[in-house]
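Hello,

Here is the structure you will be working with. Please open it first, then read the notes below it.

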Amino acid sequence: MAEHGPDRHTARDIAIVGMAGRFPGARDLDEFWSNLRDGVESVSFYTREQLLAAGAPPEDVARPNFVPAGAALDGIDRFDAEFFGYTPREAETMDPQHRVFLETAWEALEHSGHVPSRLTGRVGVFGGAGTNNYLANIHSNPDVVDAIGRTQVLLGNELGFLASRVAYKLDLRGPSVSLRTACSTSLVAVHLACRALRDGDCETALAGGVFVNPDQERGYLHQDGSFLSPDGHCRPFDARAAGTVFGSGVGVVVLKRLDDALAAGDTVHAVVKGTAVNNDGAVKVGFTAPAVDGQAEVITAALRDAGVAPEEIDYVEAHGTGTALGDPVEVRALASAYRGVPAGAVALGSLKANIGHLDAAAGVAGVIKTVLALRHETLPPTLHFTAPNPAIDFAGSPFRVQRESTPWPRTDRPRLAGVSAFGFGGTNAHVVLAEPPPVAPPDGPDRASHLLVLSARDRRALDELTERTAARLREGRVPLADAAYTAALGRHAFPERRTVTGPDAAAVAAALASGDPARVVTGRHDGTRPRVAFLFGG
C-alpha cells in the first residue's frame with residue numbers, strides 16, 4: 001500500500017467519479033458553479049401578488065415580521081413518471097423529495113459515465129431527505145387517497161423508502177440506507193458510503209440528500225431569537241449575522257475506491273481522504289445548540305482518518321449558518337482543531353449565503369461546491385461578509401473568510417479542503433477532500449475522425465443535450481475521444497439519436513451548433529417532458 005499522506009493515495013482513498021445536483025438558481029452543476037464563482041445570491045424576494053398566488057395566507061403577508069423571501073428550486077412539479085415506470089397518479093402522490101432524488105441519482109450515474117444496466121458489482125445507495133411537507137396536501141384530498149390507497153401513499157412518502165426506491169428502479173444490488181440526522185444528513189450519507197466501500201460492502205456507492213419544501217415560494221414569519229433571518233439574507237461570520245434562510249435542493253455523488261476508479265479509467269473529480277461522524281452528547285446548553293468540543297473532535301478525527309495535518313488544508317467549507325450562536329461556536333471549534341496553524345492561513349467559506357440552508361442536502365451541496373472549486377482551481381466568495389462577527393476572533397485564528405473569487409494556487413503538494421455539516425441534536429460530520437491524482441494521457445495515435453452519438457427520449461431533450469455537449473466541447477476540457485467513448489458506452493441508448501463526425505472537439509462542436517445536415521444526422525419526432533400534478537389542500 002502507498003505511504004499514507006496527502007501527496008500519495010492509499011487503498012483507503014475514495015474517488016468521486018460522478019455528481020449531479022439541482023440548487024436554487026441552478027438547473028445543473030455548470031450553472032451552480034457560475035453562480036458561486038460570480039457571487040450570485042439565489043434567494044428570491046416575492047411581491048405580495050406572487051405570495052398570494054403561491055398560497056401564502058393573506059394575514060401572514062400583512063404582518064410586520066413576515067419575510068417575503070425563499071431559496072426555491074425550479075421544476076419540482078416536473079417528473080418523467082413514465083421513464084421510471086410510475087403512473088401519473090403514483091407520481092402525483094409521491095413526495096417531491098423522492099422524485100428529484102431519483103432523477104438526480106440517475107443523472108449522477110450518467111455523469112460518472114456508467115449506465116445502471118452495465119454496472120458491475122454491488123452498488124450501494126445512501127441518502128436522506130428533509131421533513132415531508134407534502135403529505136398534508138395528499139391527506140387533504142381524500143378522494144385521491146381513496147383512489148390510490150393508503151398503502152401507496154405510504155410507499156410514496158415514507159423516508160425509509162428513499163434509498164431503496166433508487167435501488168429498485170435502477171436495479172442496484174448493494175446496501176440501501178435511508179437516514180435522517182437533520183442538517184448533517186447528506187454528509188453522514190457520504191461518510192457511510194465511504195465506509196461501505198472501504199469495508200467491501202459494495203464496489204460503487206451513491207450518496208447524497210434532498211430537501212424540497214412545496215411551500216418554498218410563500219415566505220416565512222420571523223420571530224425574535226429564532227434561527228431564521230429577519231430580512232431574507234444569510235450572512236455567515238458577519239457582524240450583521242442574524243439567521244439563516246432555508247432553501248430547496250438536491251445533490252448526489254458517485255463514489256468508488258480510488259484504486260478501482262483509476263484501474264477502470266474513470267474520471268476522478270476529487271478524492272475523499274477521510275471522514276468522521278460523532279455527536280455532541282449532553283455537554284451543551286440545549287438539544288439544538290452546537291458544542292465546541294464535539295465539532296472540534298469530529299474535525300480532528302476526519303483529519304486523522306485522512307492522514308493529513310491541519311496545516312496542509314487550504315480551505316474549509318463551513319456549516320456557516322449565519323446565526324449569532326452557531327458561527328462563533330464553529331470558528332472556535334475549527335481553531336481548536338487547527339491549533340498551531342498560522343493566523344489567516346486557511347480560507348473559510350459558506351454557500352448558505354448563496355442558496356440558503358438546504359437542510360438534509362446541505363452537506364453534499366458543500367461537497368459539490370468544494371469539488372467544483374478544486375476542478376476550476378478557484379475559491380469562490382462568501383457573500384454578505386463586510387465586517388467580522390465581534391464574537392469571532394479571526395485575528396487570532398488560522399482562518400480568514402473568503403471574500404472574493406480568487407485563484408486556488410498550486411503548491412508542491414495536492415490542494416486539500418475540509419467540509420463540515422452539523423445537525424440539530426448534535427450529529428456532526430466532517431469530510432477531507434483532495435484534488436485528484438494526475439493521470440497520464442492514453443498511449444497510441446489519435447483517430448483521424450471520431451463518431452459522437454447523442455441520444456434522448458424526445459427531440460426537445462436531444463436539442464438541450466446537443467447544446468450542452470457543444471458548449472462543453474468548446475471549453476476544451478473534455479477530449480473528443482473521451483466524450484465519444486462515454487456517449488457510446490456510458491449512456492443509456494434512447495430512441496431519438498443525433499450523430500456527428502469530426503477530427504477534433506472544435507470541429508464537432510461547430511457542427512453540432514450549426515446543425516449542418518451534411519454532417520449531423522438526427523432521428524425522429526418532437527416531444528415534451530410531462531408536468532406532474534401538485535396536490536394542494538382540498
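**Notes on the fold and the aromatic pairs**

Of the contacts in the protein chain with a separation of 6 or more, 80% are between residues 24 or more positions apart. Please keep in mind that this is a predicted model.

The overall picture comes first. The protein chain has 18 helices and 20 strands. Its radius of gyration is 23 Å, close to the 24 Å that the globule rule gives for 538 residues, so the chain is as compact as a globular protein of that length. Along the principal axes, the C-alpha atoms fill a box of roughly 65 × 65 × 40 Å. Buried residues account for 55% of the 538 residues. The accessible surface of the chain is about 22200 Å², and carbon and sulfur atoms contribute 53% of that.

Next, the aromatic rings. How many aromatic pairs does a search of the whole structure find? The search gives twelve. One of them is formed by Phe 83 and Trp 106, whose ring centres are 5.0 Å apart. Their planes meet at 85°, and over 60 degrees counts as edge-to-face, so this pair is edge-to-face. Phe 83 sits in the loop between strand S4 (69–70) and helix H4 (88–92), while Trp 106 belongs to helix H5 (residues 96–111), so the pair ties together parts that are 23 residues apart in sequence. Phe 83 has a relative accessible area of 26% and is partly exposed, whereas Trp 106, at 13%, is buried.

Another pair is Tyr 338 with Phe 399. The ring centres of Tyr 338 and Phe 399 are 5.0 Å apart and the planes are at 65°, so this pair is edge-to-face. It links distant parts of the chain, 61 residues apart: Tyr 338 is in the loop between helix H13 (326–337) and strand S12 (346–349), and Phe 399 is in strand S14 (residues 399–401). Are these two residues buried or exposed? Tyr 338 is buried, with 0% relative accessibility, and Phe 399 is buried too, with a relative accessible area of 1%.

Phe 83 and Trp 106 also belong to a cluster.

Finally, charges over rings. Elsewhere, Arg 415 lies over the face of Trp 408, with 5.5 Å to the ring centre.

Regards

Notes
Residues numbered from 1 in each chain as written. Predicted model: local features only at pLDDT ≥ 70, side-chain atom pairs only at ≥ 80, totals over all residues. Heavy atoms only, no water. Phe/Tyr/Trp six-rings, centres within 6.5 Å; stacked < 30°, edge-to-face > 60°. Helix = DSSP H or I, 4+ residues; strand = E, 2+ residues; numbered from the N terminus. Buried < 20%, exposed > 50% of the residue type's maximum accessible area, 1.4 Å probe, protein only. Lys NZ or Arg CZ within 6 Å of the ring centre and 35° of its normal. Rg over C-alpha atoms; globule rule 2.2 N^0.38 Å. Contact = heavy atoms within 4.5 Å. Areas by Shrake-Rupley, 256 points an atom, 1.4 Å probe, with all protein chains shown as cover.
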